[in-house]
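The paragraphs below go through helix packing and then a few individual residues. Please keep the coordinates open while reading.

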Amino acid sequence: RVAVVTGANKGVGYCIAQQIVSSQLFNTVILACRDPSRGEAAARALGAEFMPLEVGNPESTLAFIAALKSKYGRLDALVNNAAIAFKASDPTPFAGQTKPTLDVNYYGTIALTEALLPLLRASNANPRIVNVASMAGRLSQLRPDLQSRFASPTLTLAELQALVRSFEEDVSAGVHQKHGWGNSNYGFSKCALIAATRVLARDNQHIKINACCPGYCRTDMSSNRGGQPPEVGARNAVMLVEMPAATCPSGAFIQNCKISTW
């Protein structure tokens, strides 16, 4: 069995990879990271493999998939952990943060996932996808009519893509709050990722597909202000990889190692 963890050279991603390696449920655990020196060092430390991947970069994504198919020819678990978040002190205007955030946290993550679906569908070893989201992606950040559209049981990825584009356009025009969107690029990106998780789970019932919130962890992303160590937060993702198929949910949002309200 082969597992891929994106953004796994440090923080929560590193701890997720570490715990998956320790589980001994996979012959190969691949750390897919954009920084080769950190990625290679982390892989050596964990007894894992490193493969270069910059989520949100189409050329890098294509090269990663080609290399994965060539070297391993299979995939049984994908943990989409790679993400970016601008610091509160960053001088980049809100509108200037929107595209970079969505390119990694939503568009790039979904593009990678869709491209890897054929390998996951071909797995006969309890395939899993885990999208590392956040409590910041809560549905309540949206106006009620938008909440209904995001949570619709008939939502398609194409419709979700259009909604995300509408958010981008409204941010650019300076009317996103007036039109019912929240005021956090990171939060919105994670809200869209959770919505996509639900759609993907509905459309790919052979694969257990879930989203999780690792909580506010002491990592670089939180400027080490989080209240819990990253290895504790990582358990939310790892449990969804390790759970037996008979008891593993699909289309769920997990927080504090239990199903939570989105």
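At what angle do the axes of helix H3 and H4 cross, and within what distance do they come? The model is a predicted one, and in this model the axes of H3, residues 58-71, and H4 cross at roughly 15° and come within 10 Å. Angles under 35 degrees count as roughly parallel, and H3 and H4 are therefore roughly parallel to each other. The crossing of H3 past H4 is right-handed. On the H3 side the contact is made by Thr-61, Phe-64, Ile-65, Leu-68 and Lys-69, and on the H4 side by Leu-112, Ala-115, Leu-116 and Leu-119. Sorted by class, the residues of this contact of H3 with H4 are seven nonpolar, one polar and one charged.

Another helix pair can be described in the same terms. Two packed helices are described by the angle between their axes and the distance between the axes. For helix H1 (residues 11-23) and helix H2 (residues 36-46), the angle is about 30° and the axes are 10 Å apart. That angle makes H1 roughly parallel to H2. H1, too, passes its partner H2 in a right-handed crossing. H1 contributes Tyr-14, Ala-17, Gln-18 and Val-21 to the contact, while H2 contributes Ala-42, Ala-45 and Leu-46. The residues of the contact between H1 and H2 comprise six nonpolar, one polar and no charged.

Next comes a residue in a strand. Ile-30 is placed in strand S2, which covers residues 28-33. Its relative accessible area is 0%, so Ile-30 is buried. Leaving out residues up to four places away in sequence, Ile-30 touches Val-2, Ala-3, Val-4, Val-5, Glu-49, Met-51, Phe-64, Leu-68 and Tyr-72. Two of these neighbours, Phe-64 and Leu-68, also belong to the H3 side of the contact with H4. Val-2 is 28 residues from Ile-30 along the chain, and the C-alpha atoms of the two are separated by 7.6 Å.

H4, residues 94-122, also holds Thr-109. Is Thr-109 buried or exposed? With 3% relative accessibility, Thr-109 counts as buried, because the cut-off for buried is under 20%. A polar atom of the Thr-109 side chain lies 2.8 Å from the backbone oxygen of Val-104. Beyond residues up to four places away in sequence, Thr-109 touches Val-55, Asn-80, Ala-82, Val-104, Asn-131 and Leu-193.

With residues up to four places away in sequence left out, the residues touched by Asn-131 are Asn-80, Thr-109, Leu-193, Thr-197, Asn-210, Ala-211 and Cys-212.

Trp-181 is found between helix H6 (157-173) and helix H7 (185-203). At a relative accessible area of 6%, Trp-181 is buried. The side chains of Trp-181 and Asp-170 are joined by a polar contact of 2.8 Å. Asp-170 is one of the residues that Trp-181 touches, not counting those up to four places away in sequence; the others are Gln-141, Leu-142, Leu-146, Phe-150, Leu-163, Ser-166, Phe-167, His-176 and Phe-188. Ile-84, 97 residues from Trp-181 in sequence, is 20 Å from Trp-181 in space, C-alpha to C-alpha.

Definitions and conventions. Residues numbered from 1 in each chain as written. Predicted model: local features only at pLDDT ≥ 70, side-chain atom pairs only at ≥ 80, totals over all residues. Heavy atoms only, no water. Axes fitted to C-alpha atoms, helices over the stretch in contact; angles between N-to-C directions. Helix = DSSP H or I, 4+ residues; strand = E, 2+ residues; numbered from the N terminus. Parallel < 35°, antiparallel > 145°, perpendicular 65-115°, else oblique. Left-handed = near helix turned anticlockwise from the far one by under 90°. Contact = heavy atoms within 4.5 Å. Nonpolar A, V, L, I, M, F, W, Y, C, P; charged D, E, K, R; others polar. Buried < 20%, exposed > 50% of the residue type's maximum accessible area, 1.4 Å probe, protein only. Polar contact = N/O pair within 3.5 Å; in protein donor to acceptor, adjacent residues only side chain to side chain.
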